[in-house]
Amino acid sequence: MTEPVQQYTLFIMGGKEFAIEIGLVVEILQRQEAMPVPNMPDFLVGIIDLRGRVIPVIDLRKRFHMAPVAKSKDRIIIVRKGRERLGMVVDNVMEIVPLESKGITAPPSIFKGPGSEYLKKIGKTGGRMIVILDVDRLLNREEMFMLNEAINSGAG
Amino acid sequence: MRLLELLGSKTLAVRFGLILFAILSAGQIVAGAWYVLRERSHLEGSFNKRFDHLGALLVGVSRQPLFSFDYSPLMPFLDEMSRDSEIVAVRVYDSNRNLVAHKVKGDADSAASGMDGGVFFFPDNVARQFDVSMAGQSLGRVEIVFSAVNANSELRTLIIITPVFLGVLLLLVMFTVYRFFAKYVAAPIKSLNTGIEKVGKKDLTVYFASDREDELGETILGFNYLVEALRTYMARLSATAMDVTTAIRQMEEIFQKVGDGTNSQIESVGRMRERLSRMDLSQKDVFESAERAASLFQENLSSQLEIRASVTEIASSTDDLFKSTDIAYSAVSDMSSSSRQIADSADELAKTIEETSASVEQITSSIKLVEDHARQSAQVAADVTMTANSTGMEAVRAARDGMMNIQQEVASSSEIIQRLGTRSKDIEKILKVIKDVTEQTNLLSLNAAILAAQAGEYGKGFGVVADEIGSLAERTAMSTLEISNIVGTIQREIRDAVDSTGRGITRVEEGVSLVGRVEDALRQTLANSEKASKMAFSIERATVEQGNSIRHISKVVDRVQHMTKHVTLALKQQGNALNGLVGSAGTVRDVTEVVKKGMDEQSTGIQLISRNLELTNDMMSQVSEATFAQKKETGELIQDIVSIHDMGRRTIEIIDEMKETLTTLYAETENMQAEMKGFKLQ
């Protein structure tokens with residue numbers, strides 16, 4: 001049984017709109033100082049302590065090789081990734097939008113391939129196209145392993 | 001009724017109970033049937049065993065009688081057998097199927113040869129036949145008929161008792177399940193439901209104490225966490241709204257102060273304008289009186305020049321007179337030596353005297369003119385002095401006082417504007433706080449919306465509230481931006497006001513120095529005109545004196561003429577009265593000398609007056625110029641002040657506009673707070 005309307009968290013990076021299913025979002029935070037972890041890829045900002053829980057934070061713009069925006073509010077979206085939590089720095093979180101499931105389509109096959117695994121679906125609202133991200137595929141297995149190592153070293 | 005209701009309500013417990021009931025019923029029906037059938041087969045087995053046993057026994061016993069055709073020994077055995085209550089009939093047949101011996105109890109005709117008397121029951125009578133044979137040759141056959149009534153009644157009992165027992169068991173299980181559901185599932189879910197309903201009605205004080213470790217316990221824990229998170233968000237939101245309200249109140253106060261400051265600035269600018277126009281009026285007075293004084297001086301100067309010309313004329317006439325008198329004297333002296341010459345000379349003298357008389361008359365009229373002019377000049381000089389002293393000086397003093405006042409007002413206005421500058425800095429700070437708080441509110445509303453969306457159906461109402469708060473925050477942000485723009489405009493206006501106040505200050509300073517210069521020039525003019533006035537008076541006096549002298553001269557000349565006529569007559573008639581004539585001529589010469597001296601004196605006096613008057617005239621035109629320049633400065637100053645005034649007005653308008661914006665902002669925040677107050681947090 002599929003719901004015809006699903007809620008999505010709409011956010012902006014580099015002037016473009018992206019969305020994540022609301023069920024995957026835990027919380028939205030203001031920009032805060034993250035503890036840097038040495039010898040990590042540059043898109044990993046560091047780790048933060050959220051109510052006693054150590055959470056790795058990545059800069060999604062760097063992950064997607066986007067040029068930095070001058071007037072960025074820098075919000076952190078905390079998402080569920082299985083049992084883990086992951087913080088993603090984006091330019092700004094705009095609103096919660098309902099997207100009709102009939103307006104959501106799979107991305108064109110030309111986009112499928114290495115480097116675009118994160119692209120889950122394309123949604124449409126008010127004539128705009130929105131990229132719906134696949135949180136589970138933002139990082140590959142190796143990167144996830146490195147992040148876990150970072151948390152453990154940070155927590156230890 | 002209650003049961004129907006229960007069935008009608010499709011609660012989980014009822015549905016679960018119904019399904020369980022159906023499964024258990026089916027199972028029990030199958031189990032009951034199976035049990036009864038098993039019992040039946042068991043009974044059938046025991047029947048068969050007994051048949052086999054008794055059959056074998058009967059076959060053994062009846063073998064000999066059948067062989068020997070002596071059937072008597074069979075009867076006791078048959079009697080013995082039929083004693084068994086379940087054996088209805090025993091029959092023995094020979095090889096030709098003739099009944100040779102039998103024992104029958106009751107109705108044994110309807111005996112069935114099989115055991116099938118229905119699904120569960122046996123036929124009432126069951127017959128079995130056994131062949132009796134010896135060495136492979138058939139001797140006959142025996143038949144035993146059993147009654148299955150007892151077994152059937154036993155089966156009947158079983159068929160009745162088993163379902164009853166199973167039914168009771170089913171009811172017991174159902175009751176236990178229902179009790180379990182009611183106690184461990186339905187009640188907690190119901191209380192959870194009421195809690196969620198309470199949350200839907202904005203009561204966030206709900207908390208469930210539970211030490212259960214099952215799924216429901218986890219659900220309750222999750223619910224508690226959700227409510228706790230909502231409560232925290234709400235509390236934070238409420239505090240944020242409070243912050244915003246306080247900030248807006250503070251801002252309103254500051255704007256009130258800014259408005260008051262601007263109003264007092266406008267007032268002081270208005271007062272300045274009034275003073276300036278008053279000053280402008282007195283400057284006009286100064287200018288007018290300076291102009292009047294200048295024209296009077298001009299007039300004076302021309303009179304003076306006329307006087308000078310007359311005096312020069314008089315001087316030359318007097319010179320002529322003096323020379324003539326000298327000549328007359330020498331002629332009279334000569335006359336004493338030559339009477340003929342005297343007589344001629346006397347005629348000549350008479351003629352000359354006549355001329356002199358005419359000249360003197362001319363002088364007299366000229367002197368009269370001079371006298372009039374001198375009087376007029378003195379009057380004018382006095383007028384000028386008075387005008388300069390009373391109106392001019394007063395006006396200059398008023399102008400100076402006005403300038404001083406303006407200087408003070410401008411200084412206080414400048415101070416107010418500086419204060420406005422610092423106030424607007426304060427406003428900027430508060431705006432920053434509001435901006436931060438609004439952003440935080442926006443974030444909180446987003447988080448609340450996420451929580452609401454995750455809470456599912458019950459979160460819908462809360463989601464609406466979160467949306468509303470979000471839009472309120474957005475509107476607040478927009479209002480803040482508007483205010484920020486307005487504050488920017490005000491700051492620009494204030495900067496303009498500061499600049500133009502600075503310009504006003506320099507202009508006022510220039511005006512003050514100009515007024516000082518006017519005052520100095522006017523003072524000098526006053527001193528000069530006083531001097532000129534004194535001079536004019538002394539001239540008037542000298543002229544009057546001169547007039548007297550001239551009149552005296554005229555009289556003398558008249559007398560001289562008269563005497564000369566007499567002398568000529570006497571000379572012609574007597575010719576020996578020369579000595580008296582010589583004396584008279586000497587007198588004439590002396591008088592003429594006096595007149596000449598007075599004339600010279602007058603000439604120098606008039607020259608001095610002329611110089612003084614010219615100097616004063618110069619001064620007057622200086623005053624005129626300075627006053628004109630000052631008037632121009634004052635005009636510019638008035639323009640500046642009017643522009644400051646307008647700016648103040650505009651600032652007030654903008655502040656009013658901003659106050660309106662603030663009021664809407666305040667109302668929106670109040671809305672938000674009211675919305676927040678709907679949530680019970682403690």
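Me: What should be kept in mind about the model and its numbering?

Reply: This is a predicted model, in which local features need pLDDT of at least 70 and side-chain atom pairs count only at pLDDT 80 or more, while totals for chains, interfaces and linings use all residues. Residues are numbered from 1 along each chain as its sequence is written, chains are lettered from A and ligands numbered from 1 in the order in which they are written, and side-chain values use heavy atoms, with hydrogens and water left out.

Me: Why is Ser147(B) called buried?

Reply: Buried means under 20% relative accessible area, exposed over 50%, and partly exposed in between, with a 1.4 Å probe and protein chains only. Ser147(B) has a relative accessible area of 14%, and therefore counts as buried. The residue is found in strand E4 (residues 137-147) of chain B, where strands (E, at least two residues) and helices (H or I, at least four) are DSSP runs numbered from the N terminus.

Me: Which residues does Ser147(B) touch, leaving aside those up to four places away in sequence?

Reply: With contact meaning heavy atoms within 4.5 Å, Ser147(B) touches Phe47(B), Glu86(B), Val88(B), Asp124(B) and Asn125(B).

Me: What makes Glu143(B) and Arg91(B) a salt bridge?

Reply: The term requires a side-chain nitrogen of Lys or Arg within 4 Å of a carboxyl oxygen of Asp or Glu, and the side chains of Glu143(B) and Arg91(B) meet at 2.9 Å, N to O. The pair links distant parts of the chain, since Glu143(B) is in strand E4 and Arg91(B) in strand E1 (residues 87-94) of chain B, 52 residues apart. Glu143(B), with a relative accessible area of 11%, is buried, and Arg91(B), at 13%, counts as buried as well.

Me: What does the salt bridge between Arg61(A) and Asp74(A) tie together?

Reply: The closest N and O atoms of Arg61(A) and Asp74(A) are 3.0 Å apart. Arg61(A) lies in helix H1 (residues 60-63) of chain A and Asp74(A) in the loop between H1 and strand E6 (75-81), so the pair ties together parts that are 13 residues apart in sequence.

Me: Why is the pair of Phe47(B) and Phe122(B) described as edge-to-face?

Reply: Rings of Phe, Tyr and Trp (its six-membered ring) pair if their centres lie within 6.5 Å, and planes under 30 degrees apart count as stacked, over 60 as edge-to-face and the rest as tilted. The structure holds 6 aromatic pairs over all chains. Among them, Phe47(B) and Phe122(B) are 5.6 Å apart centre to centre with 80 degrees between the planes, and the pair is edge-to-face. Phe208(B) and Phe223(B) are also 5.6 Å apart centre to centre, but with 45 degrees between the planes, and this pair is tilted. Phe208(B) and Phe223(B) are both buried.

Me: How do you know how much area chain B and chain A bury between them?

Reply: Buried area is the accessible area (1.4 Å probe) that two parts lose on being put together, summed over both. For chain B and chain A this comes to about 1200 Å², 55% of it on carbon and sulfur atoms. Leu443(B), Leu446(B) and Ile450(B) supply 41% of the area that chain B buries against chain A, more than any other three residues. The contact takes 10 residues from chain B and 17 residues from chain A.

Me: Which salt bridge involves Arg75(A)?

Reply: The rule finds 2 salt bridges across the interface, and one of them joins the side chains of Arg75(A) and Glu439(B) at 4.0 Å, N to O. On the side of chain B that touches chain A, the largest share, 9 residues, comes from helix H6 (residues 339-454).
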